[in-house]
Amino acid sequence: MTVSYTFSTMHWFFPKIIIGILVILGVMLIIQRIMKCKKTGTPFLNLKGYRFFQPGYDKVKFWGSIVLFIAYVASLEAIGFLAASCIFITLYNLLFAEAIYGPEKGFKVDWKNVGVSALIGVVSSTFIWVLFYKIFNITLP
């Protein structure tokens with residue numbers, strides 16, 4: 001068996017595999033939920049008393065993640081994959097390591113965490129870029 005592809009469309013191959021895997025896993029989760037509901041006698045969708053956000057959730061991390069994701073996607077075309085990834089992985093690390101803001105400490109900069117976050121952002125982004133661009137010969141935005 002041989003697989004033939006056109007260079008201009010080969011970047012469509014990997015997302016199709018991932019989407020297929022996610023669909024299979026989603027169906028498996030739904031089947032597990034149906035089986036659990038039949039065993040316990042509970043309805044499949046029980047929205048009575050349902051809350052999307054748990055009381056006391058970290059609003060800064062939640063909304064910060066959404067804003068960072070939108071900004072990351074918007075910046076990919078403008079500055080490219082490597083630069084955008086370095087910047088935004090660093091910012092995500094700063095957000096979740098509470099290097100600049102923490103619920104208990106407020107706004108206070110922890111320079112050690114800033115340095116570690118920057119290092120993680122640069123090294124991981126560069127590794128992914130080298131892996132895809134140089135080894136797999138797949139261009140990233």
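**Reading a predicted model, feature by feature**

Me: Asp58, at 27% relative accessibility, counts as partly exposed. Which class does Lys61 fall into, buried or exposed?

Reply: Buried means under 20% relative accessible area, exposed over 50%, partly exposed in between (1.4 Å probe, protein chains only). Lys61 is at 18%, so Lys61 counts as buried. This is a predicted model: local features need pLDDT of at least 70, side-chain atom pairs count only at pLDDT 80 or more, and totals for chains, interfaces and linings use all residues. Residues are numbered from 1 along each chain as its sequence is written, and side-chain values use heavy atoms, leaving out hydrogens and water.

Me: Which residues make up the largest nonpolar core?

Reply: Such a core joins buried Ala, Val, Leu, Ile, Met, Phe, Trp, Tyr and Cys through side-chain atoms within 4.5 Å. Here there are seven: Leu68, Tyr72, Leu76, Phe81, Ala84, Phe88 and Leu95. Helices H2 (59-79) and H3 (81-96) each supply at least two. H3 gives the largest share, four residues. Helices are DSSP runs (H or I, at least four residues), numbered from the N terminus.

Me: What does Leu76 touch, not counting residues up to four places away in sequence?

Reply: Contact means heavy atoms within 4.5 Å. Leu76 touches Phe81, Ala84 and Pro141 on that count.

Me: Which residues of H4 are buried?

Reply: Ser117, Gly121 and Ser125. The buried residues of H4 pack against H3. After H4 comes Asn137, with a positive phi near 60°.
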